[in-house]
Amino acid sequence: MQPLTNRSKQVVKKEMTFAEKLYLPAIFGGMIITFKNMFRKSATVQYPEVKRDMSPNFRGQHVLKRDENGAERCTACGLCAVACPAEAITMNAAERKKGEEGLYREEKYAANYEINMLRCIFCGLCEDACPKEAIFLTDRIVPTEFDRDDFVYGKDKLVEKVNERIDVTKRQTPEVLEFKKNKSLSHNKI
Ligand code: SF4
Ligand code: SF4
């Protein structure tokens, strides 16, 4: 048969030497490495009792933000779901009723909003896509669960509590914070 390239190589089964057949040199070699590492500083930590310092831009569990008045910022436009490469986000939109202005910032809001944390790859594209600054990734680690369904986070876990706001400003660059100060831009108005 004509070879496709000249890079093919004949594989030969090498005979084991006497020392290799004994296995003892390999076992002692492995034990020396083990003993050497017993006296080195451990590379692992006893999580969750001990937590590592995370990078300032670590991307963890999402938060759906409220505005300064406590109303949900999300308008269920679906841009985050379209941007999501893992198809982890689903939502249903609803129309805001009279008297609900304090609950929802826009006339349309997300009646249901879910993120499947098992699908999510924490890329942050949903945050980039959002025109309402409604979704941000935070430095919180998604906890382990025993049931797959428990990894589907609804609004109960995603929307920040009115009296327990999650500060995301430390994760924003000075340029973004400066831009947000300009209230003449409609993007920055409440
Ligand atoms: S972080 Fe990335 S993968 Fe996760 S929900 Fe957002 S866009 Fe999808
Ligand atoms: S989180 Fe932002 S991008 Fe996603 S539906 Fe709500 S407003 Fe739109």
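## Surroundings of the ligands

In this predicted model, 14 residues lie around ligand 2, and Cys74, Cys77, Cys80, Cys130 and Ile135 come nearest to that ligand. Sorted by class, the shell around ligand 2 holds 11 nonpolar, 2 polar and 1 charged residues.

Ligand 1 has 13 residues around it, of which Cys84, Ala86, Cys120, Cys123 and Cys126 come nearest. The shell of ligand 1 is made up of 12 nonpolar residues and 1 polar residue, with no charged residues.

## Overall layout

The protein has 6 helices and 5 strands. Read from the N terminus, these elements follow the order α-α-β-α-β-β-α-β-β-α-α. The radius of gyration is 27 Å, whereas the globule rule gives 16 Å for 190 residues, so the protein is more spread out than a compact globule.

Along the principal axes, the C-alpha atoms of the protein fill a box of roughly 85 × 55 × 40 Å. Of the 190 residues, 14% count as buried. Among contacts in the protein with a separation of 6 or more, 73% are accounted for by residues 24 or more positions apart.

Strand 2 and strand 3 are paired in the antiparallel sense over 7 bridges. In this pair, Thr90 stands opposite Glu114 in strand 3. Strand 3 (residues 108-116) is also joined to strand 5, by 2 bridges, and these two strands run antiparallel. Here Asn116 stands opposite Val152 in strand 5, while Ile115 stands opposite Tyr153 in strand 5.

## The nonpolar core

The largest nonpolar core has 20 residues, and those that touch the most other members are Leu64, Cys74, Cys80, Ile89, Cys126 and Ile135. Strand 1 (62-64), strand 3 and strand 4 (135-137) each supply at least two residues of this core. Strand 3 gives the most, with 4 residues.

With neighbours within four places in sequence left aside, Cys74 is in contact with Leu64, Tyr109, Ala110, Tyr113, Lys132 and Ala134.

Most residues other than glycine have a negative phi, and most peptide bonds are trans. Tyr47 and Pro48 are joined by a cis peptide bond, with omega about 10°. Pro48 is found in the loop between helix 2 (24-38) and strand 1.

Glu87 has a phi of about 50° and is placed in the loop between helix 3 (79-83) and strand 2. Glu87 has 11 other C-beta atoms within 10 Å, so this residue is exposed, the limit for that class being 12 or fewer. Glu133 likewise has a positive phi of about 50°, and is found in the loop between helix 4 (125-129) and strand 4. Because Glu133 has 17 C-beta neighbours inside 10 Å, Glu133 counts as partly exposed.

## Pro56 and its loop

Where is Pro56 placed? Pro56 is in the loop between helix 2 and strand 1, the loop in which Pro48 is also found. Pro56 counts as exposed because 8 C-beta neighbours lie inside 10 Å. The C-alpha atoms of Pro56 and Thr138 are separated by 9.8 Å, and the two residues are 82 residues apart along the chain.

Technical notes
Residues numbered from 1 in each chain as written. Chains lettered and ligands numbered in written order. Predicted model: local features only at pLDDT ≥ 70, side-chain atom pairs only at ≥ 80, totals over all residues. Near = placed C-beta within 6 Å. Nonpolar A, V, L, I, M, F, W, Y, C, P; charged D, E, K, R; others polar. Pairing = 2+ DSSP bridges. Rg over C-alpha atoms; globule rule 2.2 N^0.38 Å. Contact = placed C-beta atoms within 7 Å. Core = buried A, V, L, I, M, F, W, Y, C linked by C-beta atoms within 7 Å.
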